[in-house]
Amino acid sequence: MRYTAIKAKAEKEWNWLENLPQPLIQLGMGTCGRASGADDILRSVQQTLKDANLLARTMEVGCIGMCYLEPLMAVRKPGRPFILYGNLTPEKTEKILKRYLTEDDPCAKWSVCTIGKERVEGIPPFEEHPMLRPQVRIALRNCGLIDPNNIHHYIARGGYEGLQRALGMRPAEVIEEVKASGLKGRGGAGFATGLKWEFARNSLKDTSYIICNADEGDPGAFMDRALLEGDPHAVLEGMLIGAYAIGAAEGFIYVRAEYPLAIERLVKALADMQQYGLLGDSVLGSRFRFDIHIKEGAGAFVCGEETALMASIEGRRGMPRSRPPFPAQSGLWGKPTNINNVETFSNVSAILQNGASWYAGFGTEKSKGTKTFSLAGKVERTGLIEVPMGIRLKEIIYTIGGGGLKGKEIKGVQTGGPSGGCIPADRFDLTVDYESLAAAGSIMGSGGMVVMDQDTCMVDMARYFLTFTQAESCGKCLPCRLGTHQMLDILKDICAGDGTSADMDLLTDLSETVQKGSLCGLGQTAPNPVQTTLRYFKDEYENHVRDHKCHAGVCKPLFHYEIDQELCNGCGLCVRKCAAGAISGEKKEPHHIDPTQCTKCGICYQSCKQQAIAIL
Amino acid sequence: MEQVQEAIHAESQIFPQVLIMEDEMSVAKGLELVLTDEGYIVDLATTGRSALESFSQKAFDLLIADLRLPDIDGIEVIKKVKNSRPETEVIVVTGYSTVSSAVEAMKLGATDYLSKPFTDDEFMSAVRVALHEKKAFHTGAAAAAVAEAPLPVLEPLSEDLQQAQEIMTQVRQAFSGSREELIPMLQKVQNHLGYIPESALEEIARFTRTPAAAVYGIATFYEQFRLHPVGRHIVKVCRGTACHVKGAERILNEIETRFGMSPGQTSDDRLFTLETVACFGSCAIAPVVVVDDSVKGRMNPTKTRDVMEGMDHDNEDPDQQ
């Protein structure tokens, strides 16, 4: 099918949807939404519409990024903007629908913002919401706004325009365009995408492959999942453009098995593409031939590394090998192979659609464009965000994220997952780009951002990340296999109160060995969390080692809870919450904790409204 | 250590070594082809002496013995082999069958006696029977070892094995048997059974013409695969960074206290298996617990306990009916 014909069909459907004479109800049905109860909300919507005899359409959308408000619903009456409602319960949903649809009360108190050109009094528009104002959404341009299962929605919003344009260019011109945009790989290492493509194109043999790396293994990162769930075509289009540029006829998407919904969406998207001639022997009527296969990962973090990933696709143990030869020369089954990350491909389709100079207009001198982050941990507003490169960390954490959870003081932020580092709050002036983050000892990584507050112990965090990398080390390189093990043992000792001051030097020493002696990124970056916490939070290590104290109240042998006799009002809440029966006291009199009974589970500390429970 | 023993044990079982003692090269090559197609490792010996030589160097699971050889009598070879390596199974193949030679061979412990010509199927079924007996020998030994040090894992149920066979039939239809399909095949079996039984592992090895040891290596490399049965419900606690920061450890402690299982273990009533997962990628609603396939966000120890106890209840009713 010709692009113009498809486009006309898609626009017709989109216009119909835009001018729907009935109310339209959109529900966020991504994994986060479902986990927060979106299925119940959908049922409640259907039931309410039936009971009240209301005519309205419902539509599933992906993640809009405001995960802290899940489950979410957006309601649009004809001629009005969408009004987004969050933190829904089935009861609340019923009330909103009845009041807004029958009595025209928009229930402003439960609303988050409006989406669309028009305004509704008393509700801030999308663009002015503090979480969204600093954001620039390129990779996530359609997430939460379209039905990911409907290819027409994607096309009507400019989808596959980039591919159509690319097919009219010579492959070398496409590569030039991507080079000019300044796009760097968004999977973590930040290698220039256009250059990578050029290498693959230059080593052109009879066959070559293109792979989309959707093995998002970093704990704390979920951008790729949200993108695949919310707008799969944006990624697939980028993949087609890449394949055309390097001359690949076959592509693979390697997705984590932990992302069943993303896989479901991809299967549907590929079927639609097949139907519209976007895959197969003649893509959009051109001479370009291309097919895509989905490969499910099997739960090995190291398979995010490109050579390990290829071994896994070939059906072998996912172990990295040394480079060179680079995949561009000898990759999958020995053929030239190009691997890009999910977000990179989504940017590619936008770049080809809007032009390289448009894209290069965002970001800094050296780091162009935008980057998605999954903001999680101890901040008020957790979610999926996309910001221009060069934004300051504090803007992300305090403006977008809304500062510490329950007003608690933020201690630092971990960027780049277990390969990254902890950046302390006093350095939040730092700009977010590849160069500054590296200078601070961390990395951009794939984009996980986990915020830590006063209740997070940094030694425990280092121990946590080492537990992860130690378990995920494939075992090929000795420094990584045994080094991470030794480092973990030392950190465990420190957390148990058995650390010595010599341990810190030993950790530094081992860190260097593991970094230098490992073949792949896993080992080379595994010591980062230890090194950065040692650099920025040395006092916490010293507290553990010298004073045998964990002020954050995490390392159990190094603290105990006590009730402040002045602050306790004897409400008895902690007595009811305590599963160990360790708290006693007369009503309205200060209570006591029996240290021999206390299991240090922390429930009393979390639940006390007077904040009378202290960590000592 | 148990795992290592298990691995060695599994390897020798899944990966049978066969010696064909046959002076007619055409027959020997034909049998070799049939056996290697099925995933066996095959050595050839054209004389009795070279067969004995091979046995002095390594152990074989099965000896395919011709009786008429250019040097020594086949019966003599079988005697010596059975003497030095009694666990070796023997199948006699001969063109000059006589009742007396058959009786003699059987007395020496051969499991079958095939007279030429025979079909591939007849041959293979004899091989399977012989190796099955050998397996019984092994499992007997293994059972004794288990009695000494019980493994903290569940044994497969017999209906599982039957199901495994059915699934493998589906697998054989759905896949072509190429190497890169190995992981998807393992995934398919596990999706149906919750784990990959040894028989399916062997079958996949044969289907993909990959040594069973390599298949075992792959299955143990990837976190996803389980080689032992699991409880009726699988509870996965996410240990991602966000979940860790928000108290995933406390949830694990609660499950351990209430249900008496730590990660990787199954409750005594086979109702739950507890696992941890590196990250589910639902960090914004941490901590996350996944019960079977339903993702539950913003959990805490009490909520987790309630969910699990609720499931406990759900399942009692149908059982009683």
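Predicted model: local features only at pLDDT ≥ 70, side-chain atom pairs only at ≥ 80, totals over all residues.

Trainee: How many bridges do E3(B) and E4(B) share, and in which sense do they pair?

Mentor: Five bridges, in the parallel sense, with E4(B) covering residues 89-94. To get from E3(B) to E4(B), the chain passes through helix H4(B), residues 74-84, and that β-α-β crossover is right-handed.

Trainee: And what joins E1(B) to E3(B)?

Mentor: Four bridges, and E1(B), residues 17-21, runs parallel to E3(B). One pair to look for is Met21(B), which sits opposite Ala65(B) of E3(B).

Trainee: OK, is E3(B) largely enclosed or open?

Mentor: Largely enclosed by the rest of the structure, because five of its five residues, 62-66, are buried.

Trainee: Which of its residues point which way?

Mentor: Leu62(B), Ile64(B) and Asp66(B) point one way, while Leu63(B) and Ala65(B) point the other way. All of them are buried, Asp66(B) included.

Trainee: Switching to chain A: how many helices and strands are there?

Mentor: Chain A has 24 helices and 18 strands. Its radius of gyration is 26 Å, close to the 25 Å from the globule rule for 616 residues, so chain A is as compact as a globular protein of that length.

Trainee: What does the C-alpha trace of chain A span along its principal axes?

Mentor: About 80 × 70 × 40 Å. As for burial, 56% of the 616 residues in chain A are buried.

Key. Residues numbered from 1 in each chain as written. Chains lettered and ligands numbered in written order. Buried ≥ 20, exposed ≤ 12 C-beta atoms within 10 Å, placed from the backbone. Helix = DSSP H or I, 4+ residues; strand = E, 2+ residues; numbered from the N terminus. Pairing = 2+ DSSP bridges. Right-handed = clockwise from strand over helix to strand, strands pointing away. Rg over C-alpha atoms; globule rule 2.2 N^0.38 Å.
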